[in-house]
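Hello,

Here is the structure I promised to pass along.

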Amino acid sequence: MLTALGHAVVYAVLAGVLLVVAYYVLDLVTPGHLGSHLRGVDERGEESVHAASRSAGVVTGAWLISNAAVLFTAIWTNGETDLGWALAWTLAFGALGIVLNAVMFFVIEAITPGDLRRIVTSAGPVRPLAYVAAAVALSTGAIVCASIA
């Protein structure tokens, strides 16, 4: 049992690190500071519910769920193998999921009207294009999951 608990801790740490990386990659592909858009920081640096981007919240949530699903699938599928191989699979597919989500974000931006990155981080209610970006992130994660299983 202690071995299984130790493996769980190692998987959780690796998955946590990869989810933080996924968040920062989304932060890099969107203008400004993603955390400020999520918290609703106005031009004076004060938090305001009116300055929050609900679109950024939807896209960030979908992005993290997508990447977590990939990590879950990699761990679930390879958990019975040697811990080293299972961690390698988790790291490889986790990184692939992050990269593919970033690529697909730019693809959606290229094929839809407007500036997706600006729309996603604009304050106010959720914009329809944010739902599209969120759906693409979830779809990308599902496709990577299917390739693992």
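Glutamate 109 is found in helix 4, where helices are DSSP runs of H or I with at least four residues, numbered from the N terminus. Before going further: this is a predicted model, in which local features need pLDDT of at least 70 and side-chain atom pairs count only at pLDDT 80 or more, while totals for chains, interfaces and linings use all residues. Residues are numbered from 1 along each chain as its sequence is written, and side-chain values use heavy atoms, with hydrogens and water left out.

Back to glutamate 109: at 13% relative accessibility this residue counts as buried (buried means under 20% relative accessible area, exposed over 50%, and partly exposed in between, with a 1.4 Å probe and protein chains only). Setting aside neighbours within four places in sequence, glutamate 109 is in contact with Gly114, Asp115, Leu116 and Arg117, contact being heavy atoms within 4.5 Å. With arginine 117 there is also a side-chain salt bridge, at 3.1 Å from N to O. The rule asks for a side-chain nitrogen of Lys or Arg within 4 Å of a carboxyl oxygen of Asp or Glu, and by this rule the count comes to one salt bridge. Arginine 117, at 31% relative accessibility, is partly exposed.

Helix 4 also holds threonine 90, which is buried with a relative accessible area of 0%. Leaving out neighbours within four places in sequence, threonine 90 is in contact with Tyr11, Leu14, Leu18, Leu71, Ala74 and Ile75.

What about helix 1, then? Its buried residues are Tyr11, Leu14, Ala15, Leu18, Ala22, Leu26, Asp27 and Val29. They pack against helix 2 (34-39), helix 3 (54-78), helix 4 (83-111) and helix 5 (116-121).

Valine 13 is in helix 1 (residues 2-29) and is exposed, with a relative accessible area of 52%. Together with Val9, Val17 and Val21, Val13 makes a nonpolar surface patch of about 320 Å². Patches take residues with over 30% relative accessible area and no salt bridge, joining like charges within 9 Å and nonpolar side chains (Val, Leu, Ile, Met, Phe, Trp, Tyr) within 5 Å. The areas come from the Shrake-Rupley method with a 1.4 Å probe, and for residues only the protein chains shown count as cover.

Finally, the rings. The structure holds five aromatic pairs. Rings of Phe, Tyr and Trp (its six-membered ring) pair if their centres lie within 6.5 Å; planes under 30 degrees apart count as stacked, over 60 as edge-to-face and the rest as tilted.

- Phenylalanine 72 and tryptophan 76 are stacked, 5.6 Å centre to centre with 20° between the planes. Being four residues apart in helix 3, they are separated by about one helical turn. Tryptophan 76 is exposed at 66% relative accessible area.
- Tryptophan 89 and phenylalanine 93 have ring centres 5.3 Å apart and planes at 15°, so this pair is stacked. Tryptophan 89 is partly exposed at 35% relative accessibility, whereas phenylalanine 93 is buried at 16%.
- Trp63, Phe105 and Phe106 are linked into a cluster by ring pairs.

Best wishes

How values were computed:
Helix = DSSP H or I, 4+ residues; strand = E, 2+ residues; numbered from the N terminus.
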